Amino acid sequence: MSRYFSSFYYQADPYIPGEQPQDRQYIKLNTNELPFPPSPLAQRLAREEIANLNLYSDPECKILREKASECFGIDKEEIVFFSGSDDVLNFAVMAFCDESHGLAFPDVTYSFYTSIARLHNIDYAQIKVKEDLSIDPKDYFGLGRTIILANPNAPSGIVLSLKQIKEIVMHNPDNVVIIDEAYIDFGGESALPLIGNYDNLLIVRTFSKGSGMAGARLGYAMGDKELIKDINTLRNSCNPYAVNRMSMMAGVGALIDQSYRKDCIERIQETRQETAEALRKLGFEMTDSKANFLFVKHPDYKGMDLYQDLKKEGILIRHFETERLKDYNRISIGTDEDMKKLVEMIKRLLKEKL
Ligand SMILES: *Cc1c(COP(=O)(O)O)cnc(C)c1O
């Protein structure tokens, strides 16, 4: 820290992203990216937009918002775009938390929530998930805090039903409930049908996972017009051109090309199923993940050991060395071929070990 660093941020605790080592070619199953390229239409529209890079991007993302409102059946005043959903989450916390509105989220979830809370010095409660890592909706009733829930949750992949989400939203009429649907493409029910009925619901989504555009940095929030207006007040105070021209047009292309997205997702779902079965046969236990990753543990293979042994063999998975998660590893679903290599390698490692 330099001696000039602002005391406003002494308590910051930056998020640690999944490693991106460059020392060799890895089969990368550690950051939940889609193993397929973006839709050809998204690629073409982004490429064509390069010629306009001398001009600022549209702060209102008008074309993209119109396309999205058509796709999701909501008003275009009920949606706002950002540079990735991490960006949205940050602005949502800035907009809906203060000294008297702290945050609440599960103790096992996306660790970025803690980073944002600390950045803005927001008091946060980490609500314990159950032994099986699932969430009890009742734990979130009337907390008097702004709530963030990832659905499907990370890194467990476990989903809450639409009915459960609705109950949580209904039991917190005086607080905003943020549902992070980063993985909703791969399974579970979106809270989208609730928009229009509840003014305290904010849905956050991204093109990073289901649309295969993690590098484009494109995310969005959907919710009541007034919530979106509040977020826009802050966004326009510090980052009005948050979405660049190429990413915006890639987003338009991805929204038009729904059949490509559905195709990619079906492939991931099938591969998830096959990989889960193969790993169960090898003695792994896992959560019921509806996301594009599996969260697995083995009675005879320590989480850390499996992670390290696979890394030596050129396969990267994600390990979290925390008390509740250290037995597990999170394995992103790659191509069929990637996952077959993974299963074969684990088979070999198990044989050497046992
Ligand atoms: C990946 C992820 C995000 C971040 O998505 P970006 O749009 O790439 O910033 C948000 N929430 C969860 C739960 C995620 O796993």
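## Close-up views of a predicted model

View A. E70 is exposed, with a relative accessible area of 58%. The model shown here, as in every view below, is predicted. The partner of E70 in a salt bridge is K67. Their closest N and O atoms are 2.9 Å apart. K67 counts as buried, at 19% relative accessibility. The cut-off matters here, because buried means under 20% relative accessible area. Both E70 and K67 belong to helix 2, which covers residues 62–72. Three residues separate them, about one turn of the helix. An α-helix has 3.6 residues a turn, so residues three or four places apart point the same way.

**View B. D123 and R145 form a salt bridge.** The closest N and O atoms of D123 and R145 lie 2.9 Å apart. D123 sits in the loop between helix 4 and strand 4, while R145 sits in the loop between strand 4 and strand 5. The pair therefore ties together parts that are 22 residues apart in sequence. D123 is partly exposed, with a relative accessible area of 48%.

**View C. E167 and K163 pair within helix 5.** This salt bridge has its closest N and O atoms 3.6 Å apart. Helix 5 spans residues 162–170. E167 and K163 are four residues apart in it, so about one helical turn separates them. How accessible is E167? E167 is partly exposed, with a relative accessible area of 26%. K163 counts as exposed, at 60% relative accessibility.

**View D. E313, R348 and E352 are joined into one network.** The links are salt bridges that share partners. How many salt bridges does the structure hold? The total is 21.

**View E. Helix 4 is largely enclosed by the rest of the structure.** Helix 4 runs over residues 112–119. Six of its eight residues are buried, so the helix is largely enclosed. Which residues of helix 4 are buried? They are F112, Y113, T114, S115, I116 and A117.

View F. E285 stands opposite K297 in strand 10.

**View G. M1, F5, F8, Y9 and Y10 make a nonpolar surface patch.** The patch has an area of about 640 Å². One of its residues, F5, lies in the segment before strand 1 (27–28). Is F5 buried or partly exposed? F5 is partly exposed, with a relative accessible area of 37%. Patch residues have over 30% relative accessible area, so F5 clears that cut-off.

Conventions
Residues numbered from 1 in each chain as written. Predicted model: local features only at pLDDT ≥ 70, side-chain atom pairs only at ≥ 80, totals over all residues. Heavy atoms only, no water. Patch = residues over 30% accessible without salt bridge, like charges linked within 9 Å, V, L, I, M, F, W, Y side chains within 5 Å. Areas by Shrake-Rupley, 256 points an atom, 1.4 Å probe, with all protein chains shown as cover. Salt bridge = Lys/Arg side-chain N within 4 Å of Asp/Glu carboxyl O. Helix = DSSP H or I, 4+ residues; strand = E, 2+ residues; numbered from the N terminus. Buried < 20%, exposed > 50% of the residue type's maximum accessible area, 1.4 Å probe, protein only. Pairing = 2+ DSSP bridges.
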